[in-house]
Amino acid sequence: MQSQLTQPIGDLLREWRKRRKLSQLELAVHAEISARHLSFVETGRSVPSRDMVLRLGEALDLALRERNQLLLAAGYAPAYRESNMEDPRMASVREMVRQVLAAHEPFPALVLDRYWNRVEANDPAWLFRVGVSPVLLEEPVNVLRLALHPEGLAPRTANLGEWRAHLLARVRQQITMTADPALIKLYDELVEYPCDQPEPEVELPGPGEIAVPLRLRHKEKELVFYSTVSTFGTPLDITVAELAIESFFPADPQTAEVLRATDWQALAETCCAG
């Protein structure tokens, strides 16, 4: 996809419409405008109003970042702010996120940005740093590199092929939704990492499984996790819209027992010393 900030609004709209597999008529119906008017916008014969650009962005199910790019392409100022997490206006967001992380203990949870960089993490998330190369722990810590790099968690992941296929599928889905060049570059890097296990093309459940598990070797035991992803329901800020809280839950009694018995502060000190 050509740089979105240098494309005319009509070309950009047409590319997004084709990505969403919509005809002009279908998009026009979703945006409650005439197909003729949309055709004129796509061919450059008509300049859309700011309100129309926003309606088209919503009809295309674009993320807030991409809606801003549509506005810029049409010659309008962005509608959505991108705040720094340390901004005073984000104090309530930071507090809410930390409450969620603390409430999830003694199980691991992390807050991630759009590019899978760690924003926050609770103490049990130190489990994912054990044995990892210090290079992968330099800020910003990218959890996909951490998970799949041969000097990261890959050697400790008992079902690496399955877990890798699951993570890469999630990134591909993000790329389909956003066409973000940075995500495409990250994906291209990740697929080059070695993997000595088969990677299923389709995720099928194993015996007794209800979702794709993470099977992590830890102190001669195998810990098994299921994860959930939470996002803000009604974000109006790009940073907030792109935050995701990934929470890991024990999938068996042994994992729960190990997590509840672990001294996380001691584990953190061990990791730091290593």
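## Second largest pocket

How much space lies in the second largest pocket? The figure is about 390 Å³, the volume being the space filled by probe spheres set on grid points joined across faces, edges and corners. A pocket here is an open set of points on a 1 Å grid over the protein atoms alone, where a 1.4 Å probe fits, with protein on both sides within 12 Å along at least five of seven lines; lining residues have an atom within 4 Å of a point.

Its lining has 28 residues, with Leu110, Phe128, Val143, Leu146 and Phe248 closest to the centre. By class, 19 are nonpolar, two polar and seven charged.

## Basis of the model

The model is predicted: local features need pLDDT of at least 70 and side-chain atom pairs pLDDT 80 or more, while totals for chains, interfaces and linings use all residues. Residues are numbered from 1 along each chain, and side-chain values use heavy atoms, without hydrogens and water.

## Largest pocket

The largest pocket has a volume of about 700 Å³. Among its 24 lining residues, Gln174, Thr231, Ala241, Glu242 and Ala244 lie nearest the centre. Twelve of the lining residues are nonpolar, four polar and eight charged.

## Nonpolar core

In the largest nonpolar core, which has 40 residues, Trp116, Leu127, Phe128 and Leu148 have the most contacts. Such a core joins buried Ala, Val, Leu, Ile, Met, Phe, Trp, Tyr and Cys residues through side-chain atoms within 4.5 Å, buried meaning under 20% relative accessible area (1.4 Å probe, protein chains only).

Notes: Buried < 20%, exposed > 50% of the residue type's maximum accessible area, 1.4 Å probe, protein only. Nonpolar A, V, L, I, M, F, W, Y, C, P; charged D, E, K, R; others polar.
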